[in-house]
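Please walk me through this structure.

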Amino acid sequence: MWFFARDPVRDFPFELSPELPEGGPPGPWVLHRGRKKATGSPVSIFVYDVKPGVEEQTQVAKAAFKRLKTLRHPNILAYIDGLETDRCLHIVTEAVTPLGAYLKARAEAGDLRELELSWGLHQIVKALSFLVNDCSLIHNNVCMAAVFVDRAGEWKLGGLDYMYSAQGNGGGPPRKGIPELEQYDPPELADGSGRAVREKWSADMWRLGCLIWEVFNGPLPRAAALRNPGKIPKSLVPHYCELVGANPKVRPNPARFLQNCRAPGGFMNNRFVETNLFLEEIQIKEPAEKQKFFQELSKSLDSFPEDFCRHKVLPQLLTAFEFGSAGAVVLTPLFKVGKFLGAVEYQRKIIPVVVKMFSSTDRAMRIRLLQQMEQFIQYLDEPTVNTQIFPHVVHGFLDTNPAIREQTVKSMLLLAPKLNETNLNVELMKHFARLQAKDEQGPIRCNTTVCLGKIGSYLSAGTRHRVLTSAFSRATKDPFAPSRVAGVLGFAATHNLYSMNDCAHKILPVLCSLTVDPERAVRDQAFKAIRSFLSKLESVSEDPTQLAEAEKDVHAASSPGMGGAAASWAGWAVTGVSSLTSKLIRAHPTAAPAETNVPQRPVPEGHWETQEESKDAEEDSTAADRWDDEDWGSLEEAESVLAQQDNWSTGGQASWAGQVSWTSNPGHKSQESDWSSWEAEDAWEQGWQEPSPPEPPPEGTRLASEYNWGGPEPSDKGDPFAALSVRREAGAQPRRDSWGDDNWEGLEAESRQAKAELARKKREERKREMEAKRAEKKTAKGPMKLGTRKLD
């Protein structure tokens with residue numbers, strides 16, 4: 001029976017990369033890239049080949065192996081595993097790059113910043129302070145070749161081959177025998193006279209000065225070059241000169257050197273170093289300190305290195321959310337760092353956290369998620385949206401906070417393309433119908449109409465036919481003027497989704513009623529829309545062959561391509577959470593009720609108020625001027641429509657924001673009853689049904705097909721329309737306010753005066769009733785003191 005010896009290198013759980021070695025510190029060690037066989041995670045492998053005749057060098061390598069295995073510090077190269085055989089030594093560490101190669105690559109890419117260098121040198125000095133002050137060890141090999149950089153940009157101190165004890169119990173410093181390393185020795189070691197009294201850290205601090213010179217100026221040619229600071233920053237030059245001074249006694253301790261550089265105005269006194277120091281101690285920080293840190297972190301991330309954000313900041317953000325109490329404050333920096341990730345890495349690290357956040361009951365977190373949804377929606381797949389996100393998001397439609405309801409409406413624009421048939425055409429439409437009919441906030445009703453216009457192309461053909469016309473028609477009767485404008489523009493944005501029959505019988509009658517709207521902005525948009533729809537009908541009338549082309553999208557399935565065009569048709573009618581909606585909620589009540597009403601839908605009493613008349617007149621004229629500057633164009637030309645609609649978003653609504661305020665007078669009727677008449681007549685459930693058949697013509701009226709319109713024989717039956725006209729005129733009473741006799745502006749002024757007088761009388765009557773009630777209570781109960789009734 002044959003027995004084969006096992007090869008320890010083959011059984012080693014790590015393997016070398018086939019790539020060329022990266023080099024390493026001067027000497028026998030060679031740095032290779034490698035990976036762990038089980039997981040494929042990257043590592044670095046330092047390899048030393050044992051050769052005959054170099055026993056002293058082999059002992060130095062074995063000593064370095066032992067030192068690295070036993071020393072543990074965040075700024076010292078992290079040991080993972082090792083292999084020692086008669087033929088070689090393998091030291092496995094975290095994946096690193098030699099500092100020289102790292103600085104060269106960063107400089108060539110133009111990404112090397114002084115902030116990185118300040119933190120890197122801070123880490124090396126901190127490692128030296130640990131060795132000297134805590135371990136009483138002298139590194140004896142500080143140079144560019146002994147420093148490595150991990151994937152997060154953290155500098156690590158390696159090259160422990162020539163380390164020895166500062167207490168002298170392990171013998172003197174080992175002999176290097178390598179000229180490239182001996183040039184970093186301080187001058188007091190070169191002359192050998194021992195005339196200078198030195199501290200145990202003096203030699204390492206001299207070598208630190210050499211390292212600083214090389215970081216800013218490149219490889220050190222000779223020791224005499226240290227006299228010229230070169231490109232070393234001015235804030236660091238005084239401290240550098242202390243390191244390379246001829247007197248070893250005055251060279252500072254590493255701890256004191258850090259303290260000097262961290263002083264106000266010092267080289268290491270900057271936001272990047274402070275951020276890193278906080279992250280190193282974040283586990284012991286107070287919750288209030290963490291909150292403040294994450295709130296301020298977003299402002300600084302743009303100036304931080306990308307690798308640092310990905311590999312150091314991101315893990316801390318994820319940990320803070322998963323195990324800490326940071327809450328919503330981590331969202332902004334989290335999504336900012338997420339921009340540096342690839343699609344696969346984003347799916348693996350960010351999306352699970354986002355999905356978990358949507359199930360949170362924290363309102364601050366929910367509203368920030370909705371506000372920043374645009375940053376991560378592209379990474380969400382449809383099953384995740386429909387099963388894990390949408391069920392939580394829809395709760396925002398029922399939230400008592402108007403800001404959350406508004407942001408929930410806006411988020412539907414991003415979620416709609418990924419929603420399935422049921423969620424989009426059934427569940428979402430139910431919520432939109434309720435918001436548009438019952439929500440007490442005018443801006444939310446307006447934005448619901450805007451959103452419906454933007455996502456209309458994603459709806460199924462049946463839902464479009466049932467919903468759009470009714471919803472936009474209802475919006476045109478909203479007491480909130482921007483909602484009426486949004487209804488008109490909603491018809492415009494979805495013009496290709498209506499049949500010619502619907503345009504003529506459903507849409508144009510609604511638009512025509514708005515031509516006498518009290519607000520000029522609404523009238524202007526109505527006239528433009530009417531002209532556009534009439535132009536479309538006229539073109540089909542002149543050439544009936546165009547009918548199929550004009551109605552090609554009416555019965556088509558949902559067309560995501562249209563979503564991009566509709567997405568910018570009007571902007572957000574009221575830019576909400578931080579602007580108008582919050583102003584409406586916080587506004588102080590005023591005494592005068594609203595006087596600007598829709599003819600078909602009177603304003604609910606006590607809910608809409610206006611500011612001073614002079615301010616209103618000025619803002620109205622400004623808004624009108626902005627509306628006049630818009631170019632509607634033809635509905636056939638999508639670009640002109642989109643441009644006009646964007647102008648509406650940014651121009652006209654600025655004036656509405658200043659005119660409307662919300663009041664919470666307890667004496668007024670409930671909001672539900674105020675809106676009941678408007679809601680009942682135009683509820684989506686009723687409005688989405690087919691219109692009732694037209695009334696039969698008056699008795700005696702004959703059909704147009706019964707007459708001879710173009711025949712050669714003259715008709716002696718007379719003009720049937722003249723008879724019909726006579727009958728109607730005989731039965732109709734003359735109208736005092738006909739368009740032919742009176743001026744429209746006069747009618748409007750007269751109507752406003754009448755309404756103002758009626759409102760004034762109601763206020764006076766209400767005031768008298770309240771005074772009578774107070775007098776009655778006072779007589780019945782006697783005087784009141786401190787909230788209690790006086791006892792007889």
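**Helices and their neighbours**

Start with the buried residues of helix 23, whose cover includes helix 21 (461-475), helix 22 (481-493), helix 24 (520-542) and helix 25 (547-550). Helices here are DSSP runs of H or I with at least four residues, numbered from the N terminus. The model is predicted, so local features need pLDDT of at least 70 and side-chain atom pairs count only at pLDDT 80 or more, while totals for chains, interfaces and linings use all residues. Residues are numbered from 1 along each chain as its sequence is written, and side-chain values use heavy atoms, leaving out hydrogens and water.

Helix 23 spans residues 500-513, which is 14 residues. From first C-alpha to last it reaches 19 Å, close to the expected 20 Å. That expected span is 1.5 Å times one less than the number of residues. At isoleucine 507 the helix bends by about 40°. The bend is the angle between axes fitted to the seven residues ending there and the seven starting there. Proline 509 follows within four residues.

Which residues of helix 23 are buried? They are Met500, Asp502, Cys503, Lys506, Ile507, Leu508, Val510 and Leu511. Buried means under 20% relative accessible area, with exposed over 50% and partly exposed in between (1.4 Å probe, protein chains only).

Now look at helix 24. Its axis comes within 10 Å of that of helix 23, and the two cross at roughly 160°. Axes are lines fitted to C-alpha atoms, for helices over the stretch in contact, and angles run from 0 to 180 degrees between N-to-C directions. Helix 23 and helix 24 are therefore roughly antiparallel, a term for angles over 145 degrees. Residues of helix 23, including Ile507 and Leu511, meet residues of helix 24, among them Phe533 and Leu537. Contact means heavy atoms within 4.5 Å.

A second pair is helix 12 (residues 306-323) and helix 13 (residues 331-338). Their axes are 10 Å apart, at an angle of about 150°. This pair is therefore roughly antiparallel as well.

Finish with two single residues. Arginine 207 sits in helix 7 (residues 202-217). Is arginine 207 buried or exposed? It is buried, with a relative accessible area of 1%. Its contacts beyond four places in sequence include Asn140, Tyr184 and Asp185.

Leucine 243 lies in helix 8 (residues 237-243). Leucine 243 is buried too, at 0% relative accessible area. Its C-alpha is 9.8 Å from that of isoleucine 212, 31 residues away along the chain.

Terms used: Angles under 35 degrees count as roughly parallel, over 145 as roughly antiparallel, 65 to 115 as roughly perpendicular and the rest as oblique.
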